[in-house]
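Keep the viewer open and follow along. Each stop gives a selection and then what is there.

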Amino acid sequence: QVRLVESGGGLVQPGESLRLACVFSGHGFSAMSLGWFRQAPGNEREFVAGISWLASSTFYSDSMKGRVIISRDNAKKTVYLQIDALKPDDSAVYYCAAVPGLSSAQTAGRKDTYTYWGQGTQVTVSS
């Protein structure tokens, strides 16, 4: 049974950085493509970043490109999201997601691509 558990969120000041982590439990992590999404109150869940099965491809939302880096450690069954220069508009619950197989630029940003979801970690950016 697959389980995803996010961590690393919290209260930070504008301009600071955070590194979120998502630990995968179960089998098949190395064959999974992974994504990070976020959802602010009253908003739809939106794509932030994705990384393909072999980590050979990464995908980023236009709104956050240049401020985020997604990476994975298959030995630790963990996917990371580094967010720099945080802004109050980045405040949201951040979710990781996983799907078996290879993702692409066309599929990585779609919520319905992913089979498994974590419960999320809250990020609040405020002075």
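Colour by burial first. Buried residues account for 42% of the 127 residues in this protein. The model is a predicted one. Switch to a surface view. The protein exposes about 6,500 Å². Carbon and sulfur atoms supply 48% of that area.

**The whole chain**

Go back to a cartoon. There are 11 strands and zero helices. Along the sequence the pattern reads β-β-β-β-β-β-β-β-β-β-β. Show the C-alpha trace. Along its principal axes the trace spans about 40 × 25 × 25 Å. What radius of gyration would a compact globule with 127 residues have? It would be near 14 Å, and the protein has 13 Å, which agrees. Now draw contacts between residues at least 6 apart in sequence. Of these, 59% join residues at least 24 apart.

**The open sheet**

Select β1, β3, β8 and β7. They form an open sheet of four strands in the order β1-β3-β8-β7, with antiparallel pairing. Which strands are at the edges? They are β1 (3-7) and β7 (68-73), and each pairs on one side only. Neighbouring strands of this sheet are turned by 15 degrees against each other on average, direction ignored.

Zoom in on β1 and its partner. Five bridges join β1 to β3 (residues 18-25), and the two run antiparallel. Pick L4: its bridge partner in β3 is F24. Then pick S7: its bridge partner in β3 is A21.

Show the side chains of β1. Which residues are on its covered face, and which on the uncovered one? L4 and E6 are on the covered face. R3, V5 and S7 are on the uncovered face.

Select β9 (92-100). Is this strand mostly covered or mostly uncovered? Seven of its nine residues are buried, so by the cut-off of under 20% relative accessible area β9 is mostly covered.

- β4 pairs with β9 in the antiparallel sense, over eight bridges. In this pairing, R38 has Y94 in β9 as its bridge partner.
- β11 also pairs with β9 in the antiparallel sense, over three bridges. Here the bridge partner of Y94 in β11 is T121.
- β10 (residues 116-117) pairs with β9 in the antiparallel sense, over two bridges. A97 stands opposite W117 in β10.

Keep Y94 highlighted. It has a bridge partner in R38 and another in T121.

**The nonpolar cores**

Hide the cartoon and show side chains. The largest nonpolar core has 27 residues. Which of them touch the most other members? They are L20, W36, V48, V79, L81, I83 and Y94. Colour the contributing strands: β3, β4 (32-39), β5 (46-51), β7, β8 (78-83), β9 and β11 (121-125) each supply at least two residues of this core.

**M64, a buried loop residue**

Select M64. It lies in the loop between β6 (58-60) and β7. Is M64 buried or exposed? At 1% relative accessibility, M64 counts as buried.

Now show what surrounds it. Leaving aside neighbours within four places in sequence, M64 is in contact with R38, V48, I83, D90 and Y94. Draw a distance from M64 to I83. It is 8.7 Å, C-alpha to C-alpha, and the two are 19 residues apart in sequence.

Finish with backbone torsions. Most residues other than glycine have a negative phi. Two stops go the other way.

Select K77, in the loop between β7 and β8. K77 is not a glycine, yet its phi is positive, about 50 degrees. With a relative accessible area of 31%, K77 is partly exposed.

Move on to A85, in the loop between β8 and β9. A85 has a phi near 50 degrees, again positive in a residue other than glycine. Its relative accessible area is 37%, so A85 is partly exposed.

Methods: Residues numbered from 1 in each chain as written. Predicted model: local features only at pLDDT ≥ 70, side-chain atom pairs only at ≥ 80, totals over all residues. Heavy atoms only, no water. Pairing = 2+ DSSP bridges. Axes fitted to C-alpha atoms, helices over the stretch in contact; angles between N-to-C directions. Core = buried A, V, L, I, M, F, W, Y, C linked by side-chain atoms within 4.5 Å. Buried < 20%, exposed > 50% of the residue type's maximum accessible area, 1.4 Å probe, protein only. Rg over C-alpha atoms; globule rule 2.2 N^0.38 Å. Contact = heavy atoms within 4.5 Å. Areas by Shrake-Rupley, 256 points an atom, 1.4 Å probe, with all protein chains shown as cover.
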